[in-house]
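Have a look at the sequence and the structure, and then we'll go through some parts of it together.

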Amino acid sequence: MNFIIPNISKFTDSEKLCSSFPQEVTEITYDFRYVSFMPISYMVFIAGYSHGVARLGGNVKIKLESIKPSLLRYMQRMDFFKLAGIDLEEDFVRHESQNRFMPMKKIGLNGEIKTERIATSIADCIVPEEADETDPDKTNTYDCVEYSVSELMNNVIQHSSASGYIAAQYYPSTDYIVVAVSDGGIGIRESFEESGSPISASMHDDLTALQKALEPTVSSKTHSAMSWGGTENAGVGLTLLGDIARQSGGYFFVCSGDAYANNQGTQNLHRGRYQGTFGVFAFKKSRMKSSFSKYLDKSKVNAGLISPEDEFDDIFG
């Protein structure tokens, strides 16, 4: 089928994005005629969606002639076509990212699996001015990038059993740093079922599974080894990221199957479903610069992981 890519220019329109793409297709051809710009999260989404189609035996094609020159160069610079296995000649000189972006990386099966290494490399790229700081009060932005990348990878891609994609970008015009992760794997609900988790019997749909995944200390991998051999986590990452976004005026979004979570809570997509899991975390660089550790501690209190007294001790030590 020929699919005209919708013109969605805001990363905060992730629900609209997930609802726009067709489901259960065996062949799809992307037509970019109406797209002038796409946030990095959109590109990561398309990569994960395409991998999901291909993983199930489908074919994905791109009408390269439909892509506007400026968008084509941006997609090339972010390594979208390279990861798609499309060899395109570039008519521009590749300059350094200038602390603005980390091109897309393939992670998981057949890709990079070292969460800590990827998280550090992205933080080094996006916030290099804090990379060599030894005073923890001066590394809040760096720590937030590193933490969000680690948690999105550990808590989103762990539900995959397939390859995934990650990228990050800083937008000076809005002061937002955006981190996005996607995969075309089995999704959160089926991950709970395959892990043999005793709580999977109570999950009747994608929404219930996502709500359970957002509960503190719950993870589909709590009862089994992680799919890629990574460090097992306590399942709190998505819970804390969502709360940090709400506290800081940032943005949080996770979609799996026909359910999604954002700053306002969880609900079903108004149509369609996403094969796999897609996550976005965004925050204002200036607002996080001196506050990430406080937001994180407050989130832990809200999740019942530490007491208010522990938060007080950590801040005033």
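## A tucked-away serine

A residue is called buried when its relative accessible area is under 20%. Keep in mind that this is a predicted model.

Now, is serine 19 buried or exposed? Its relative accessibility is 1%, so serine 19 counts as buried. You'll find serine 19 in helix 1, which covers residues 14-20. Skipping its neighbours within four places in sequence, serine 19 is in contact with Leu269, His270 and Arg271.

Seven strands come together in an open sheet, in the order 4-5-6-10-7-8-9, with antiparallel pairing. Strand 4 (101-108) and strand 9 (265-268) stand at the edges with a single partner strand each, so one side of each has no neighbour in the sheet. On average, neighbouring strands here are turned by 10° against each other, ignoring direction.

Zoom in on strand 6 (residues 176-183) and strand 10 (residues 274-284): eight bridges join this antiparallel pair. Valine 179 sits opposite phenylalanine 281 of strand 10. Elsewhere, helix 8 (residues 206-213) lies across strands 7, 8 and 9, and runs at about 35° to strand 8.

## The nonpolar cores

The largest nonpolar core has 47 residues, and those touching the most other members include Val149, Ile166 and Phe281. Helix 6 (residues 140-156) gives the most to this core: seven residues.

What does valine 149 contact, leaving aside its neighbours within four places in sequence? The answer is Ile118, Ala119, Ile122, Ile166 and Val179. There's also a second, separate core of 46 residues, with Met104, Ala167, Ala180 and Tyr251 among them.

Note on methods
Residues are numbered from 1 along each chain as its sequence is written. This is a predicted model: local features need pLDDT of at least 70, side-chain atom pairs count only at pLDDT 80 or more; totals for chains, interfaces and linings use all residues. Side-chain values use heavy atoms; hydrogens and water are left out. A nonpolar core is a set of buried Ala, Val, Leu, Ile, Met, Phe, Trp, Tyr and Cys residues joined through side-chain atoms within 4.5 Å. Buried means under 20% relative accessible area, exposed over 50%, partly exposed in between (1.4 Å probe, protein chains only). Helices (H or I, at least four residues) and strands (E, at least two) are DSSP runs, numbered from the N terminus. Contact means heavy atoms within 4.5 Å. Two strands pair if DSSP finds at least two bridges between them. Axes are lines fitted to C-alpha atoms, for helices over the stretch in contact, and angles run from 0 to 180 degrees between N-to-C directions.
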